[in-house]
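Open the structure in your viewer and keep the selection tool at hand. The tour goes from stop to stop, saying at each one what to select and what is there.

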Amino acid sequence: MKNYVITASPHIRSKINTVFLMNTVSISLIPATIGGIVIFGWLNTLPLILVSIVSAIVSEAILQKILRIPLTYLDGSALVTGFLLALCCPPGIPLWLPAIGSFFAIFSKQVFGGLGHNPFNPALIGRAFLVLSFPAHMTSWLKPFDTVTTSTPLAVFAENGMEGVMSIFQGSLPAMYQTMLLGIRGGCIGEVFIPGLLIGLIVLLVSKTIQWYIPTIYVATVFVFSWLFGMDPIFSILSGGVMFGAFFMATDYVTSPMLPSSKIIYGFGCGFLNVLIRFFANMPEGTTFAILLMNVITPLLDNRIKHPIGYVKEKSS
Amino acid sequence: MKTKTFHPGGMHVPDHKDQTKDLTIIDMNPGKDLLFPLSQHVGIPAEPIVEKDQQVLVGQLIAKAQGDFSSNIHASVSGIVKDIKEYPHPITGLGTAIHIENDFQYTPLPTPEPPVFEQNNDLGSFVSFIQDCGIVGMGGATFPTHLKLNPPPDASVDTYIINGAECEPYLTCDHRLMLENTKELFDGIQIVQSYLHFKEIIIGIESNKMDAIEHLLSYIKEHPIEPRIRVVPLEKKYPQGAEKSLINALTKRIVPVGKLPFAVGCIVQNVGTLIAISNAYRHNTPLIHRVFTASGDCLKDPKNIRAPIGTLLSDIIEFCGGFIEEPKELVFGGPMMGINQRSQDVPILKGTSGIIFLSKLEPLNESSCIRCGRCIQNCPSGLMPYRFVELAKRNNHFQANRYYVSSCIECGLCTYNCPARIPILNYIRVTKQEIKRKRSGQ
């Protein structure tokens with residue numbers, strides 16, 4: 001008599017695997033990317049994105065080979081890292097920057113044991129490395145639909161306050177909001193086109209790839225504290241990388257907490273640190289370092305015991 | 001339509017019920033050999049009271065319950081006892097069973113066994129009658145029914161829940177029973193009600209069985225039956241048929257950790273169990289038949305079958321026309337919680353709700369946890385399943401107690417959903433065993 005295979009239950013599995021989830025994130029980035037390409041021109045953006053992605057995948061393959069760990073460079077995670085890093089670079093920078101940035105990003109993941117073990121968001125480590133090592137390149141911003149450089153609205157704010165920002169728009173609030181919303185401003189490739197970012201968020205939420213806690217709490221916290229510190233709150237959440245960071249960077253599975261209550265604390269912490277850096281540190285933008293700092297306490301936030309359903313407090317006798 | 005469901009956790013798993021949900025239950029005659037394992041229920045195995053080469057008749061008691069936490073076993077065919085020894089067992093792998101050779105006469109006992117039940121209002125004699133009939137939970141857990149119908153004196157039981165959720169994919173036997181054996185179902189409810197006097201009786205059915213919901217509602221309208229009975233549609237969500245989940249879905253009550261449903265005043269029973277109670281009560285038939293679904297992507301003619309308990313799997317496969325394609329896995333029960341069979345030489349038991357033939361093996365290549373949190377979000381017990389994997393990998397099984405590993409009902413959703421294909425539930429099972437081993441060693 002033929003013998004059949006013995007496995008333990010369950011005998012069926014969901015179709016959603018790691019590759020599927022990573023690819024969903026990549027797809028959700030596409031609307032914002034198209035916005036960035038249209039605003040800054042394809043020549044200043046597309047080669048940069050491609051170099052960043054290819055560098056990330058090649059770096060992952062080489063590092064996995066050297067470290068003799070399973071070759072998973074095509075599981076979509078390196079692609080997401082490269083893609084994310086490119087989107088938080090200024091358009092038009094020399095192509096060797098994203099290349100080494102991606103390598104460093106992947107390196108920061110592999111030295112800790114690869115996907116699932118890295119304490120920091122790889123793409124943000126890559127960006128932090130580039131910002132600290134090549135500050136001149138990483139703070140030269142292209143003017144939309146042009147090839148001359150400009151400064152970001154946040155840099156204007158840091159120098160001249162809200163009046164300085166409003167003077168660009170001849171004091172018209174609607175004009176300022178509209179311009180900021182559509183991303184006709186200096187900034188990173190992926191962060192400027194807000195409608196694209198929102199579509200991406202909806203894709204992630206509807207496909208149940210992420211939960212709502214971190215992105216909404218993050219943005220809401222930035223909104224409230226910017227208001228308290230005297231910045232136009234709508235301007236605050238539309239500028240810089242707040243939305244990009246809140247939707248795609250802070251929600252990274254590996255480096256964010258897993259329990260809903262921890263996610264709320266984490267989202268709040270990211271938003272609060274972001275505002276603090278904007279107002280009190282010597283850089284106009286704070287998303288990168290706010291999230292990286294919160295990455296540090298993620299293990300702490302997760303180190304809790306969740307009570308099961310029907311938990312009854314034990315009597316101390 | 002408004003549906004109820006339990007919180008938190010759970011999710012809808014593709015149900016694959018279309019293959020068999022419209023097929024009427026077909027009676028099947030067993031083959032020449034039948035096996036009656038002594039352990040077909042939760043609790044102590046029964047003790048055989050027949051001998052080798054003895055003649056047995058349909059409905060004859062062949063193995064006697066050992067104490068209260070055990071159940072009787074009756075012959076489902078007439079014939080000769082060939083042997084009493086170790087045979088393949090669908091759940092434990094190997095177990096003592098009574099082998100009966102069918103004489104194809106199906107001669108009933110001259111006087112029914114158990115004796116005709118004298119109808120009275122004494123719960124005690126009703127409960128022992130149910131035990132005599134060998135009735136156990138037909139949903140798959142096989143908890144002896146007489147224990148469920150006998151609440152401890154300190155429990156104030158007010159709600160009777162009839163489980164028609166059938167949340168496991170592929171299975172449609174309860175669905176068909178509700179449609180075809182409606183009279184027996186309500187009769188069973190009324191019999192139990194006449195002894196236990198519940199304040200509320202709720203039949204919970206998932207909304208992928210709309211025809212059953214409507215059928216029961218119109219039956220209630222057309223027949224003079226117990227007015228307390230309500231039919232409640234439930235959202236499609238696994239594991240809604242699990243006792244604690246169903247109680248939460250229908251009454252919002254939460255069963256405390258480590259307690260039975262009695263603690264929140266509930267008794268939960270499967271529709272199949274009630275039909276068995278009705279048959280026993282009205283016709284003095286012990287539990288010797290059951291209805292199950294034979295389905296999966298390999299079977300030529302998937303069916304809902306009523307067969308004598310003890311029928312061998314090989315005969316059932318033949319009855320269903322064999323395979324289109326050789327299956328890789330034979331599963332007893334549903335694909336989420338069922339148990340794989342090594343061979344076709346195993347019998348169906350009192351608790352076998354389905355036999356699923358699957359052509360595809362699920363991949364076993366486990367990758368790193370990406371901390372997506374799906375196991376936490378879907379856990380119906382509110383646990384942190386990934387923690388148990390971490391602890392098990394560090395050989396730190398005992399720590400798992402701090403994360404309430406004993407609350408796991410092994411529904412399998414964590415493993416089903418894990419994008420890294422980590423068999424989380426296997427780690428949990430190992431952890432539970434290690435804890436048990438250490439406890440018994442101390």
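**First stop: a strand pair in chain B**

Select Thr159(B), and opposite this residue find Glu200(B), which lies in S10(B). Keep in mind throughout that this is a predicted model.

Now widen the selection to two strands of chain B: S9, residues 159-164, and S10, residues 200-206. S9(B) and S10(B) run in the parallel sense, and six bridges join the pair. Strands of a sheet pair through backbone hydrogen bonds, either parallel or antiparallel.

**The sheet around this pair**

**The domains of chain B**

Colour chain B by its domain assignment: domain 1 covers 1-27 + 118-361, and domain 2 covers 374-441. The centres of these two domains of chain B, taken over C-alpha atoms, are 27 Å apart.

**Two helices in chain A**

Move to chain A and select helix H5 (residues 122-133) together with helix H14 (residues 287-302). Two packed helices are described by the angle between their axes and the distance between the axes. For H5(A) and H14(A) the angle is about 130° and the axes are 10 Å apart. Because of that angle, H5(A) is oblique to H14(A). Is the crossing of H5(A) and H14(A) left-handed or right-handed? The crossing is left-handed.

Show the side chains at this contact:

- from H5(A): Leu124(A), Arg127(A), Ala128(A) and Val131(A)
- from H14(A): Thr288(A), Phe289(A), Ile291(A) and Leu292(A)

By class, the contact of H5(A) with H14(A) has six nonpolar residues, one polar and one charged.

**Last stop: where the chains meet**

Finally, show chain A and chain B together. Their contact takes 34 residues from chain A and 51 residues from chain B. On the side of chain A that touches chain B, 20 residues are nonpolar, twelve are polar and two are charged.

Terms used: Residues are numbered from 1 along each chain as its sequence is written. Chains are lettered from A and ligands numbered from 1 in the order in which they are written. This is a predicted model: local features need pLDDT of at least 70, side-chain atom pairs count only at pLDDT 80 or more; totals for chains, interfaces and linings use all residues. Two residues are in contact if their C-beta atoms, placed from the backbone, lie within 7 Å. Ala, Val, Leu, Ile, Met, Phe, Trp, Tyr, Cys and Pro count as nonpolar, Asp, Glu, Lys and Arg as charged, and the others, Gly among them, as polar. Axes are lines fitted to C-alpha atoms, for helices over the stretch in contact, and angles run from 0 to 180 degrees between N-to-C directions. Helices (H or I, at least four residues) and strands (E, at least two) are DSSP runs, numbered from the N terminus. Angles under 35 degrees count as roughly parallel, over 145 as roughly antiparallel, 65 to 115 as roughly perpendicular and the rest as oblique. A crossing is left-handed if the near helix is turned anticlockwise from the far one by less than a right angle, and right-handed if clockwise. Domain bounds come from an automatic or database domain assignment. Two strands pair if DSSP finds at least two bridges between them.
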